[in-house]
Amino acid sequence: MTLVQGRLKRCMKDLRATHPAEGLLTTAVLRAFNFEKAMTHDRDGQRELIYGLGKQLADNGSTGLSAWSTWLRQFAKDGSLSEKQAAKFIQQAEEIVR
């Protein structure tokens with residue numbers, strides 16, 4: 001495990017502990033994400049980006065939802081998530097923010 005992977009693992013554990021809904025949703029996106037089809041093949045960078053979106057959603061609510069939605073739509077355009085997956089994850093984030 002690299003230093004980046006170790007740090008991300010600790011950050012995700014903290015996110016799930018402090019914001020369970022956002023942590024579980026972020027974990028679901030990470031599991032569904034197709035790294036082979038991502039616009040950049042830097043897996044650690046992509047993981048950090050997705051974690052950052054989940055953290056922003058947890059910390060900023062509706063403001064974080066905007067970035068979450070924008071990036072998930074982009075991931076669907078790139079093919080790293082399906083349109084259906086992106087829509088589902090966006091809807092779940094909207095429900096969390098309400």
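Tutor: Let us begin with contact, which means heavy atoms within 4.5 Å. This is a predicted model, where local features need pLDDT of at least 70, side-chain atom pairs count only at pLDDT 80 or more, and totals for chains, interfaces and linings use all residues. Residues are numbered from 1 along each chain as its sequence is written, and side-chain values use heavy atoms, with hydrogens and water left out.

Student: Which residues does Gln 46 touch, not counting residues up to four places away in sequence?
Tutor: Gln 46 touches Phe 33, Phe 35, Ala 38, Met 39, Thr 40 and Phe 75, with residues up to four places away in sequence not counted. Gln 46 itself lies in helix α3; helices (H or I, at least four residues) and strands (E, at least two) are DSSP runs, numbered from the N terminus.

Student: Is Gln 46 buried or exposed?
Tutor: Buried means under 20% relative accessible area, exposed over 50%, and partly exposed in between (1.4 Å probe, protein chains only). Gln 46 has 2% relative accessibility, so it counts as buried.

Student: How many salt bridges does a search of the whole structure find?
Tutor: A salt bridge is a side-chain nitrogen of Lys or Arg within 4 Å of a carboxyl oxygen of Asp or Glu. Searching the whole structure gives 4 salt bridges. One of them pairs Glu 48 with Arg 7, whose closest N and O atoms are 2.1 Å apart. That pair links distant parts of the chain, 41 residues apart: Glu 48 sits in helix α3 (residues 43-60) and Arg 7 in helix α1 (residues 3-18). Glu 48 is partly exposed at a relative accessible area of 29%, and Arg 7 is partly exposed at 41%.

Student: Where do Arg 47 and Asp 44 lie?
Tutor: Both lie in helix α3, 3 residues apart, which is about one turn of the helix. Arg 47 and Asp 44 form a salt bridge, with the closest N and O atoms 3.5 Å apart. Arg 47 counts as partly exposed at 24% relative accessibility, while Asp 44 is buried, with a relative accessible area of 19%.

Student: What do the side chains of Asp 59 and Lys 55 form?
Tutor: They meet in a salt bridge (3.3 Å, N to O). Asp 59 and Lys 55 are both in helix α3, 4 residues apart, about one turn of the helix. Asp 59 is partly exposed at 43% relative accessibility, and Lys 55 is partly exposed at 25%.

Student: Which side chain of opposite charge is nearest to Glu 22?
Tutor: For charge, Lys and Arg count as positive and Asp and Glu as negative; His and the chain ends are not counted. The nearest one to Glu 22 is Lys 55, 9.9 Å away, and Glu 22 is buried yet has no salt bridge. Glu 22 is placed in helix α2 (residues 20-32). Leaving aside neighbours within four places in sequence, Glu 22 is in contact with Leu 15, Gly 54, Leu 57, Ala 58 and Ile 96.

Student: Which residues line the largest pocket?
Tutor: On a 1 Å grid over the protein atoms alone, a pocket is an open set of points where a 1.4 Å probe fits, with protein on both sides within 12 Å along at least five of seven lines; lining residues have an atom within 4 Å of a point. Here the lining consists of Leu 8, Lys 9, Met 12, Arg 16, Thr 27, Leu 30, Arg 31, Phe 35 and Arg 47. α1 gives the most to this lining, with 4 residues.
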